[in-house]
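Here is a short briefing on side-chain contacts.

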Amino acid sequence: MKTIDERVLAGYNAGIEKNRLRAGVGLIEWQRTCQLLAEFLPPPPAVVYDVGGGYGEYSWHLAARGYDVHLFDIAPGNIEMSAALAGEYPGVSLAAAHVCDARAVPRGDRSADAVLLMGPLYHIVERQERLSALRECRRLLKPGGLLFTAAITRYATTLWALTAYGAQNTLLTEDAFRAMLLRELTDGQHIRPENSSYRGMGRSFFHLPGQLADELAEAGFLGNDVRGILGGGWLVPNLDDVWRDEAARAAI
């Protein structure tokens with residue numbers, strides 16, 4: 001079983017994920033995802049496994065709503081940081097918080113009403129290993145259980161570089177950066193070059209929508225519903241300030 005890139009893992013252990021959903025485009029991701037979870041999850045106290053759940057923002061959110069939530073993540077640092085969120089949710093606790101790989105979750109067959117797989121599919125860069133993670137989710141789910149998973153669009157870095165970020169620097173003039181974009185647009189493999197000033201996301205795989213649907217189907221998940229999360233909302237200037245206005249937030 002191949003693990004995720006060591007540098008990616010080191011970043012998560014160092015806390016790069018902390019507060020990501022509380023500023024910038026993370027604000028949209030958080031609210032939109034919470035809306036979809038509220039719409040489709042079975043009512044509490046259903047059992048939810050948050051696999052690859054980072055330091056547990058969604059886990060604690062759902063636990064506070066009465067769900068029986070088990071958090072799993074491959075980075076020990078994330079699991080350690082998760083305990084700090086308890087202070088934001090008085091009287092709430094997670095059913096469990098464990099270090100594990102998304103392809104080998106220490107729970108029994110058909111033991112979860114829902115599984116969240118919100119990060120592993122873009123850090124597991126080999127297709128067969130992604131299928132292993134998806135099949136593990138299928139093993140864990142009760143009949144009729146729901147999988148919520150996330151992927152990053154094939155065009156993510158290119159759109160980012162050509163718009164808000166690219167207008168402020170000379171990344172697009174770097175041969176290494178342009179070669180990185182060409183590679184990920186061609187086969188989805190996002191490999192950060194060593195000889196570039198780019199300091200964005202580490203080793204990842206970016207999907208086309210049809211690829212995500214195909215992988216889900218091959219792993220045994222049929223009748224899938226693929227939806228956008230950020231849309232074009234991330235292009236809004238001064239998003240943190242605009243987000244404080246209720247009407248503007250609703251419009252976005």
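Glu136 and Arg139 form a salt bridge, with their closest N and O atoms 2.8 Å apart. The model is predicted. The two residues lie three apart in helix 6, which means a separation of about one helical turn. Glu136 is buried at 9% relative accessible area, whereas Arg139 is partly exposed at 25%.

**Other salt bridges**
- The count comes to 17 salt bridges.
- Arg127 pairs with Glu218, the closest N and O atoms being 2.8 Å apart.
- This pair links distant parts of the chain: Arg127 is in helix 6 and Glu218 in helix 9, 91 residues apart.
- Arg127 is partly exposed at 35% relative accessibility, and Glu218 is partly exposed at 41%.
- Asp175 bridges to Arg178, with 2.7 Å between the closest N and O atoms.
- Asp175 and Arg178 are three residues apart in helix 8, so about one helical turn separates them.
- Asp175 is exposed at 57%, while Arg178 is partly exposed at 38%.
- Shared partners join Asp5, Arg7 and Glu194 into one salt-bridge network.

**Aromatic rings**
- The structure holds five aromatic pairs.
- Trp30 and Tyr58 are stacked, at 5.0 Å centre to centre and 20° between the planes.
- Trp30 sits in helix 2 and Tyr58 in helix 3, 28 residues apart.
- Tyr58 counts as buried because its relative accessibility is 7%, under the 20% cut-off.
- Phe177 and Tyr198 have ring centres 5.4 Å apart and planes at 50°, so the pair is tilted.
- Both Phe177 and Tyr198 are buried.
- Trp160, Phe177 and Tyr198 form one aromatic cluster.

**Charge over a ring**
- The charged end of Arg130 sits over the Phe205 ring, 3.8 Å from its centre.

Definitions and conventions: Residues are numbered from 1 along each chain as its sequence is written. This is a predicted model: local features need pLDDT of at least 70, side-chain atom pairs count only at pLDDT 80 or more; totals for chains, interfaces and linings use all residues. Side-chain values use heavy atoms; hydrogens and water are left out. Rings of Phe, Tyr and Trp (its six-membered ring) pair if their centres lie within 6.5 Å; planes under 30 degrees apart count as stacked, over 60 as edge-to-face and the rest as tilted. Helices (H or I, at least four residues) and strands (E, at least two) are DSSP runs, numbered from the N terminus. Buried means under 20% relative accessible area, exposed over 50%, partly exposed in between (1.4 Å probe, protein chains only). A charge sits over a ring if NZ of Lys or CZ of Arg is within 6 Å of the ring centre and within 35 degrees of the ring normal. A salt bridge is a side-chain nitrogen of Lys or Arg within 4 Å of a carboxyl oxygen of Asp or Glu.
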